[in-house]
Amino acid sequence: MSSMPSSRQRYLFFLFLFLFFSVLQCVSYVSATNGEASLLFSWLRSSGSSSHFSDWNVLDPNPCKWSSISCSSQGFVTEINIQFVPLRLPLPSNLSSFRFLQKLVISGANVTGKIPDDIGYCTELTILDLSSNNLAGSIPGSIGNLRKLEDLILNGNQLTGSIPAELGLCSSLKNLFVFDNLLSGFLPLDLGKLGNLEVLRAGGNKEITGEIPPEIGNCSKLTLLGLADTRISGRLPSSLGRLQKLQTLSIYTTLLSGEIPSDLGNCSELVDLFLYENSLSGSIPPQIGELKKLEQLFLWQNNLVGAIPKEVGNCSSLRRIDFSLNYLSGTLPLTLGGLTELEDFMISDNNVSGSIPASLSNAKNLLQLQFDNNQISGLIPPELGALSKLTVLLAWQNQLEGSIPESLEGCSNLEAIDLSHNSLTGAIPSGLFQLHNLTKLLLISNDISGSIPPEIGNGSSLMRLRLGNNRITGGIPRTIGRMSSLDFLDLSGNRISGPLPDEIGNCRELQMIDLSYNALEGPLPSSLASLSELQVLDVSSNRFSGQLPGSFGSLVSLNKLALRANLFSGAIPASLGLCSGLQRLDLSSNHFTGNIPVELGRLDALEIALNLSNNELYGPIPPQISALTKLSVLDLSRNKLEGDLKPLAGLSNLVSLNISYNNFSGYLPDNKLFRQLAPTDLTGNEGSVLRSGTHVS
């Protein structure tokens, strides 16, 4: 019978076991950490960015002190975090070797290749961020094995294929970012199994198609749903109304159709509702008024009809509303005045009628009011002058009447006013030119009368002043010369008289001047030649007289010079040949005399039209005109020109030519244009110009 081991023997036995397993654990630890270090170092070595990881040393027993690496207390790699370093290589091979990896972040690093399938073995992962790289291929279904994964961030790559249904197995997933890739196919129904999902962003994948699965309504913790700029189609599922934590619904620039579900009124936490650029129809549901936290409501460019519901006025947090480019009708609800936080209200391009409610003046934070292209009538409420923060007021193409309220000068931050194409009357309030931030004042095509106020000179910030097609009388104030920022001046189609003041030459930023169809008189001031940025000068149909200043040759940016139907006389300045940018030159219906300057042949850019008709020009067509090979329209009719037409033979780009009522003689050039010329374009030549092959007798 064997004896029992003594207590000392038992102690030595257990000590041996303890030492044995400790050594075994150390060997395992060293082996593991050395293996992870080796894998990481060999991966990095193939990159040209090793200078960013100078502390990575393959001789280290483990990588735990390396930059971008974190380890557990046992020495296993738990975190790889590399951001905005140009790696230019594929992801590490054998990712499955990192069995304790919890966080893998390699973003903005120009990583290429595919996401390896063995990522599914990294079952401890909670964060996988591979965003903003050049990854291609599909999202591996093996990611569905990552039951602890909370953040899957793959946006900004070139991933293809569909969103794998296996993602529905990632029961811990909170954030799913796959936007801005090349993904296609349907949204998997299994996404509805993600009970912890808070953010789903899949926008910017232009080939994602099909309808939004109603199962999305099961993601009860969802705060953001982003599917913009895809080919998502069909109706918005009413199940979205179950998402009571939803803060942002962003499904714009897609193929959505059908009505906006009234159930959205149940999404009581909704802050941003972006459904613009779709094909949504029906009316705006009054249940929108239940959304007390709603700040941004963008429904523009759809097919919505009906009136703007008065319940919108209950959305007390609303800051921005854009209903533009729909088919909305009815009147503007008075309840809009209760939106005290409102900053932008835009309803352009609808069929809204009635008047602008004065109650809008209660929205003291308003920055933009855009009513253009509707059927709004009545007066502009003087109360709008209380909107001191207002920067944009657009109400063009409506049926507004009455005068422009002088109270608008109280809108001290106004930058743009466009009230064109209405039936406004009365004079232009001088106070508008006291608005020191105003850059655009457009009042085209109204019934405005009175004179241009001398206070116009105070508009030093004005860049565009367009008052065309009204009944404005009087002269152009000399104070216009103080408008140092002005680049577009349109006073056409009025009854303005008197001279064009020399001070216009002080507006050095001017690019376009249109004074046509007025009663202006006297010579054109030579100071216009100092406007080096001028591209268009149109003073047609006035009573300007005298000679054209030779200094106009310095206007090298000029592409259109229209002086038609005035009383100009003298010779056409040869210096016009220096206006190298001219594309259209119209000097017709004046009293210009002398020869056609040979220098006009230097106008290489002249391609639209050269009209010298109805003047008193004489002599032959200079041979240099043959250089205008881009010219489309040439009118020399009703002058006293003579000689042959040989200089015109090579103008192959001409589509219209009129040489009637001159003294031309000889043969017509034998080309397609001359063979097809109407007799009216040739008639009235004393030399009896005939068809090609027929000589003048």
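Start by selecting Asn 566, which lies in the loop between strand S35 (560-562) and strand S36 (567-571). Strands here are DSSP runs of E with at least two residues, helices are runs of H or I with at least four, and both are numbered from the N terminus. Before going further, note that you are looking at a predicted model, where local features need pLDDT of at least 70, side-chain atom pairs count only at pLDDT 80 or more, and totals for chains, interfaces and linings use all residues. Residues are numbered from 1 along each chain as its sequence is written, and side-chain values use heavy atoms, with hydrogens and water left out.

**Around Asn 566**

Is Asn 566 buried or exposed? It counts as buried, at 4% relative accessibility (buried is under 20% relative accessible area, exposed over 50%, partly exposed in between, with a 1.4 Å probe and protein chains only). Now show what surrounds Asn 566: leaving aside neighbours within four places in sequence, its contacts (heavy atoms within 4.5 Å) include Val 539, Arg 543, Phe 544 and Ser 589. Zoom in on Val 539, whose backbone oxygen lies 2.9 Å from a polar atom of the Asn 566 side chain.

Select strand S34 (residues 543-546), which runs parallel to strand S32 (residues 519-522), with 2 bridges joining them. Strands pair if DSSP finds at least two bridges between them. Gly 522 has Phe 544 as its bridge partner in S34. S34 also pairs with S36, again in the parallel sense, over 2 bridges; look for Ser 545 opposite Leu 567 in S36.

**An open sheet**

Next, bring up S11, S13 and S15, 3 strands that form an open sheet in that order with parallel pairing. Strand S11 (233-234) and strand S15 (279-281) are at the edges with a single partner strand each, so one side of each has no neighbour in the sheet. Strand S13 (residues 255-259) and S15 pair over 3 bridges, and Gly 258 stands opposite Leu 280 in S15.

**Rings to click on**

Rings of Phe, Tyr and Trp (its six-membered ring) pair if their centres lie within 6.5 Å; planes under 30 degrees apart count as stacked, over 60 as edge-to-face and the rest as tilted. By this rule there are 11 aromatic pairs. One of them is Phe 53 with Trp 56, with centres 4.9 Å apart and planes at 55°, so the pair is tilted. Both Phe 53 and Trp 56 are buried. Phe 177 and Phe 179 make a tilted pair too, with centres 6.0 Å apart and planes at 55°, and both are buried.

Then select Tyr 252, Phe 274, Tyr 276, Phe 298 and Trp 300, which form one aromatic cluster.

**Last stop: Pro 623**

Finish in the loop between strand S40 (616-620) and strand S41 (633-635), where you'll find Pro 623. Pro 623 is exposed, with a relative accessible area of 56%.

Conventions
Polar contact = N/O pair within 3.5 Å; in protein donor to acceptor, adjacent residues only side chain to side chain.
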